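Trainee: May we go through this structure together, one question at a time?

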Amino acid sequence: MRVTQSMLSSNMLRNLNSSYSKMGKLQEQLTSGSKINRPSDDPVAAIKGMGYRTDLNKVEQFTRNMNQVNSWIDTTDESLGQVSEALKRVQELVTQAANDTNGSDEREKILAEISQIKAQIKDVANTKVGDEYIFSGTKTQSPLYDANGNMIPATTAGTSFNADVKIEVFDGIQLNVNTDAVQLFKDIEDTLTSIEGQLSAEPGGDSDDATELSSLLGDIQAVYEDVLAERAEVGAKQNRVEMMTNRLSIQEINVKEQMSNNEDVDYAAAITEMVTQESIHQAALSVGANIIQQTLVDFIR
């Protein structure tokens, strides 16, 4: 086959264009820091990158969910801690009231303080995280007690004070963030009401009154231990949340590392390849100058 000047020129231009394209791609990679600037650069790596980004978005969403879980559980633990401290104070007051030497004035003061403690515990039962009541089950927009201090009926329209509030923290894993404390607060209220009734009665000065108050100490101790049991359960949830948070952190690091290995440019290798490609291009230009024959225009110049 006869090789013509036109064929040599066409091949040279095609090779120069290819060389420019390679240098342009390397320049784009060095500028962007990514090996993939469009799906056509590496379709397989592009598809993997989409999967890694989906996983990373999930981890970020689960992390936000975990922050909400922490808010619920920490607030619940703090609230139950306030209730336990209040009940300890009630124990002290009832023990003091059971002393036969207390007069009616002293009992009235004790009664007044216990009434205030009772109201405070009801306020704690209406604790909120953001705009959600944490002891109201799935009725998160309703308080456990109304403005008059009366407990609201437990179920309405498919929601319940006893239902679990669950938040997804991992694929297929949901944590129950609320505490079923309706019966607990009801038992506390009933116990404090009994104490108020006993203190409101006229002291007869005999041992029966003191015995009745002393028996109520057992009821207080029982609800106090129930509060401690609820706090223990909340503490177990806190430990699990901590482990889940660490697991999410590790997964986020792994996904980012995989995404970096899949897409990020190795600058040392890319710069070396760029320098090599520039040398090849310069050599191609030098050879091409010898291939293209001079024309009459070149002599005119």
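Trainee: In which helix does Glu-278 lie?

Mentor: The model is predicted: local features need pLDDT of at least 70, side-chain atom pairs count only at pLDDT 80 or more, and totals for chains, interfaces and linings use all residues. Residues are numbered from 1 along each chain as its sequence is written, and side-chain values use heavy atoms, leaving out hydrogens and water. Helices (H or I, at least four residues) and strands (E, at least two) are DSSP runs numbered from the N terminus. On that basis, the element holding Glu-278 spans residues 267-291 and is helix α6.

Trainee: Is Glu-278 buried, partly exposed or exposed?

Mentor: Buried means under 20% relative accessible area and exposed over 50%, with partly exposed in between (1.4 Å probe, protein chains only). The relative accessibility of Glu-278 is 38%, so this residue counts as partly exposed.

Trainee: How many aromatic pairs are there?

Mentor: Rings of Phe, Tyr and Trp (its six-membered ring) pair if their centres lie within 6.5 Å; planes under 30 degrees apart count as stacked, over 60 as edge-to-face and the rest as tilted. By this rule, the number of aromatic pairs is 2.

Trainee: Why do Phe-62 and Phe-170 count as stacked, and what is the angle between their planes?

Mentor: The two ring centres are 6.1 Å apart. Phe-62 belongs to helix α2 (residues 43-97) and Phe-170 to strand β5 (residues 166-170), so the pair ties together parts 108 residues apart in sequence. Phe-62 is buried at 9%, and Phe-170 is buried at 10%. The pair is stacked because the angle between the planes is 20°.

Trainee: How do the rings of Phe-135 and Phe-185 pair?

Mentor: Phe-135 sits in the loop between β2 (132-133) and β3 (155-156), and Phe-185 in helix α4 (residues 182-200), 50 residues apart. Phe-135 is buried at 0%, as is Phe-185 at 1%. With centres 5.2 Å apart and 70° between the planes, the arrangement is edge-to-face.

Trainee: What is the relative direction of α3 and α4?

Mentor: Helix α3 (residues 104-125) packs against α4 at about 165°, with the axes 10 Å apart; axes are lines fitted to C-alpha atoms, for helices over the stretch in contact, and angles run from 0 to 180 degrees between N-to-C directions. Angles under 35 degrees count as roughly parallel, over 145 as roughly antiparallel, 65 to 115 as roughly perpendicular and the rest as oblique. The direction of α3 relative to α4 is therefore roughly antiparallel.
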